[in-house]
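This briefing describes a single protein structure for computational work.

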Amino acid sequence: MKGWKCKKCGHIYENMDAKIRDGLPNGSMLAFIDMLEVEESLDDIPFEDLPTDWVCPFCQASKEEFEAIEDEKKAPPSEKWLCNPCGYIYDPNVGDPDSDIPVGTEFKDLPDNWVCPLCGASKDDFSVI
């Protein structure tokens with residue numbers, strides 16, 4: 001089975017990405033809760049059937065900036081961390097491309113001076129989810 005990976009940020013497309021509601025910041029706790037509330041009614045949308053103007057929910061890369069990958073190339077699940085003040089979720093499988101943090105960087109390996117890209121909170125203000 002084939003998957004799709006963003007060449008810009010490393011995000012692996014999962015069908016529920018397409019269901020994040022408009023107006024909720026990607027990666028925010030509100031978007032995460034919203035997805036949980038509607039998860040049972042999600043329709044699986046194959047990547048090929050996404051609209052041409054669909055963009056990566058993390059870095060806003062276009063659909064053309066994704067490449068087909070085999071499932072075994074997906075990164076193993078890693079702990080995600082929640083910014084308690086604003087709801088941003090740090091995902092090691094995405095990294096923080098705006099802060100030059102590459103895909104695969106575990107939270108414990110982030111520089112001590114790394115801060116939340118949305119609100120500027122320190123690492124001490126995050127908790128594992």
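A residue is called buried under 20% relative accessible area, exposed over 50% and partly exposed in between, with a 1.4 Å probe and protein chains only. By that definition Ser122 is partly exposed, because its relative accessibility is 30%. This is a predicted model, in which local features need a pLDDT of at least 70 and side-chain atom pairs count only at pLDDT 80 or more, while totals for chains, interfaces and linings use all residues. Residues are numbered from 1 along each chain as its sequence is written, and side-chain values use heavy atoms, with hydrogens and water left out.

**Confidence**

- The pLDDT, which is the predictor's confidence in each residue from 0 to 100, averages 76 over the protein, and 69% of the residues score at least 70.
- Among the elements, β3 has the highest mean pLDDT (94) and α1 the lowest (46).
- The pLDDT is below 50 over residues 17–43. Beyond near neighbours in sequence, this stretch has 33 contacts in the model, where contact means heavy atoms within 4.5 Å.

**Overall architecture**

- The protein has one helix and five strands; these are DSSP runs numbered from the N terminus, with helices (H or I) of at least four residues and strands (E) of at least two.
- From the N terminus on, the elements run β-α-β-β-β-β.
- Strands β4, β3 and β5 make an open sheet of three strands in the order β4-β3-β5, with antiparallel pairing; two strands pair if DSSP finds at least two bridges between them.
- The edge strands of this sheet are β4 and β5, each of which pairs on one side only.
- Strand β3 (residues 81–83) is joined to β4 by two bridges, and the two strands run antiparallel. The bridge partner of Trp81 is Tyr90 in β4.
- Of the 129 residues of the protein, 38% count as buried.
- Among contacts between residues at least 6 apart in sequence, 58% join residues at least 24 apart.
- The accessible surface comes to about 7900 Å², and 50% of it belongs to carbon and sulfur atoms; accessible areas come from the Shrake-Rupley method with a 1.4 Å probe, and for residues only the protein chains shown count as cover.

**Aromatic pairs and charges over rings**

- A search of the whole structure finds twelve aromatic pairs. Rings of Phe, Tyr and Trp (its six-membered ring) pair if their centres lie within 6.5 Å; planes under 30 degrees apart count as stacked, over 60 as edge-to-face and the rest as tilted.
- Tyr13 and Phe47 form an edge-to-face pair, because their ring planes stand at 70°, with the centres 5.4 Å apart.
- Tyr13 lies in the loop between β1 (2–6) and α1 (29–38) and Phe47 in the loop between α1 and β2 (66–70), so this pair ties together parts that are 34 residues apart in sequence.
- Tyr13 is buried at 5% relative accessibility, and Phe47 is buried at 4%.
- Trp114 and Phe126 form a tilted pair, with 5.4 Å centre to centre and 50° between the planes.
- This second pair links distant parts of the chain, since Trp114 is in the loop between β4 and β5 and Phe126 is in strand β5, twelve residues apart.
- Trp114 is buried at 5% relative accessibility, and Phe126 is buried with a relative accessible area of 6%.
- One aromatic cluster is formed by Trp4, Tyr13, Phe47, Trp54 and Phe66.
- The charged end of Lys63 sits over the ring of Phe47, 5.5 Å from its centre; this term requires NZ of Lys or CZ of Arg within 6 Å of the ring centre and within 35 degrees of the ring normal.
- The charged end of Lys123 sits over the ring of Phe107, 5.5 Å from its centre.

**Surroundings of Ser122**

- Ser122 is found in the loop between β4 (89–90) and β5 (126–128).
- Leaving aside neighbours within four places in sequence, Ser122 is in contact with Trp114 and Val115.
- The C-alpha atoms of Ser122 and Cys83 are separated by 8.8 Å, and these residues are 39 residues apart along the chain.

**Backbone geometry**

- Most residues other than glycine have a negative phi.
- Gln60 is not a glycine, yet has a positive phi of about 65°. Gln60 is placed in the loop between α1 and β2 and is partly exposed, with a relative accessible area of 45%.
- Asp100, also not a glycine, has a positive phi of about 60°. Asp100 is found in the loop between β4 and β5 and counts as exposed at 68% relative accessibility.
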